[in-house]
Amino acid sequence: MNLAGRRCVVIGGGPVAERKATMLAEAGAVTVVISPNVTEGLQRLHQEREQVVWIQREYQQGDLAGAFLAFAATDRPEVNAAVAAEAEAEGIPMNDAGEGTRGSMITPGVLRRGGLVVAVSTSGAGPTAARELIREIDEHFGEDYERYIDFLSSARAFIKERIDDPGRRKRLFRRLAETDILTSIREGSFEPWSEAAMIAWIEEQTEE
Ligand SMILES: C[C@@]1(CC(=O)O)c2cc3[nH]c(cc4nc(cc5[nH]c(cc(n2)[C@H]1CCC(=O)O)[C@@](C)(CC(=O)O)[C@@H]5CCC(=O)O)C(CC(=O)O)=C4CCC(=O)O)c(CCC(=O)O)c3CC(=O)O
Ligand SMILES: NC(=O)C1=CN([C@@H]2O[C@H](COP(=O)(O)OP(=O)(O)OC[C@H]3O[C@@H](n4cnc5c(N)ncnc54)[C@H](O)[C@@H]3O)[C@@H](O)[C@H]2O)C=CC1
């Protein structure tokens, strides 16, 4: 989901709200936190980032106006329920941290390796298990994978720029995915492809 510049509203200012707001701020969202008090981390976030706004008061009906996403993370179930009701009425996707199944979306555990994003959800059954699984996956996808994704990203952009024919593009993308770059990255023998190498590779695929 591209949240850049989108208004996202977080109700509550505790550690859970901080986690959600940090994730939103990192995604470039205009992040509005509404809560009478906030954690030190949230205060810092608000001071350091122009795009993080703190409205120091309790939630009021109407606070979700113009929101792209909403998050309820107060310690008061009746407040979270009121936020859920407003989101429902306004058609705004909403996350309820205190009652996962009430919201229309849940936040998974997330691992980022450059362009690679792995999300793990237990459908609300065990958030800690989701985090443990992310740790395990983290051990399997090291920096090698980040380099591989960078390579894929630049090679794919190159093909898109040079090849207009959709069938030929598709064949090249498939060949690209089949090419075992990861092993050479892992063995330390990988050299980033120059423009000439990229053109030569495309020619080779076309000849066969
Ligand atoms: C449904 C969901 C809704 C949502 O928030 O989206 C939800 C709900 C609830 N969490 C609860 C508790 C805890 N959650 C965490 C941690 C995380 N929780 C996250 C997601 C989700 N939590 C969604 C489901 C994800 C899935 O699919 O599995 C993570 C993955 C991502 C994130 O929050 O961004 C993040 C790990 C981030 C990281 O990597 O660190 C910890 C540990 C900690 O805080 O250190 C505890 C305390 C220990 C425990 O109870 O297990 C409670 C009980 C509250 C109570 O008893 O009062 C509820 C309420 C309920 O059960 O519905
Ligand atoms: N989804 C998750 O990952 C987790 C969810 N939880 C649930 O999330 C809730 C919040 O967790 P914490 O951040 O640790 O709680 P907390 O008690 O530290 O923070 C609650 C925040 O909500 C604010 N608040 C209270 N009433 C409000 C109102 N009417 N309007 C706006 N803000 C209001 C408070 O000022 C405070 O900043 C917990 O009660 C629990 O049910 C707890 C742990 C993890």
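I began with serine 35, which lies in the loop between β2 (30–34) and α2 (40–48). Helices here are DSSP runs of H or I with at least four residues, strands are E runs of at least two, and both are numbered from the N terminus. The model is predicted: local features need pLDDT of at least 70, side-chain atom pairs count only at pLDDT 80 or more, and totals for chains, interfaces and linings use all residues. Residues are numbered from 1 along each chain as its sequence is written, chains are lettered from A and ligands numbered from 1 in the order in which they are written, and side-chain values use heavy atoms, with hydrogens and water left out.

Is serine 35 buried or exposed? Serine 35 counts as buried because its relative accessibility is 6%. I took buried as under 20% relative accessible area, exposed as over 50%, and partly exposed as in between (1.4 Å probe, protein chains only). The side chain of serine 35 reaches the backbone oxygen of asparagine 37 at 2.7 Å. I also checked serine 35 against arginine 131, 96 residues apart along the chain; their C-alpha atoms are separated by 27 Å.

Threonine 39 is in the loop between β2 and α2. With a relative accessible area of 17%, threonine 39 is buried. Its side chain makes a polar contact of 2.7 Å with the side chain of glutamate 18. A polar contact is a pair of N or O atoms within 3.5 Å; within protein, one must be able to donate a hydrogen and the other to accept it, and residues adjacent in sequence count only if both atoms are side-chain atoms.

**Ligand 2**

I then listed the shell of ligand 2. It holds 20 residues, and the closest are Gly13, Val16, Arg19, Asn37 and Tyr59. A residue is near a molecule if one of its heavy atoms lies within 4 Å of it. Helix α1 (residues 15–26) gives the largest share of this shell, three residues. Sorted by class, I found nine nonpolar, seven polar and four charged residues around ligand 2. Nonpolar covers Ala, Val, Leu, Ile, Met, Phe, Trp, Tyr, Cys and Pro; charged covers Asp, Glu, Lys and Arg; the others, Gly among them, are polar.

Next I looked up oxygen contacts of ligand 2. A backbone N or O atom of glycine 13 lies 3.0 Å from a ligand 2 oxygen. For valine 16, a polar backbone atom is 3.0 Å from an oxygen atom of ligand 2. For asparagine 37, a side-chain N or O atom is 3.0 Å from an oxygen atom of ligand 2. The protein covers 70% of the 860 Å² of accessible area that ligand 2 has on its own. These areas come from the Shrake-Rupley method with a 1.4 Å probe.

**Ligand 1**

Which residues come nearest to ligand 1? Of the 21 around it, they are Lys20, Asn95, Thr107, Ser121 and Thr122. The largest share of this shell, four residues, comes from α4. By class, I found five nonpolar, eleven polar and five charged residues around ligand 1.

A polar side-chain atom of threonine 107 lies 2.6 Å from an oxygen atom of ligand 1. Threonine 128 has a side-chain N or O atom 2.8 Å from an oxygen atom of ligand 1. The protein covers 61% of the 1,100 Å² of accessible area that ligand 1 has on its own.
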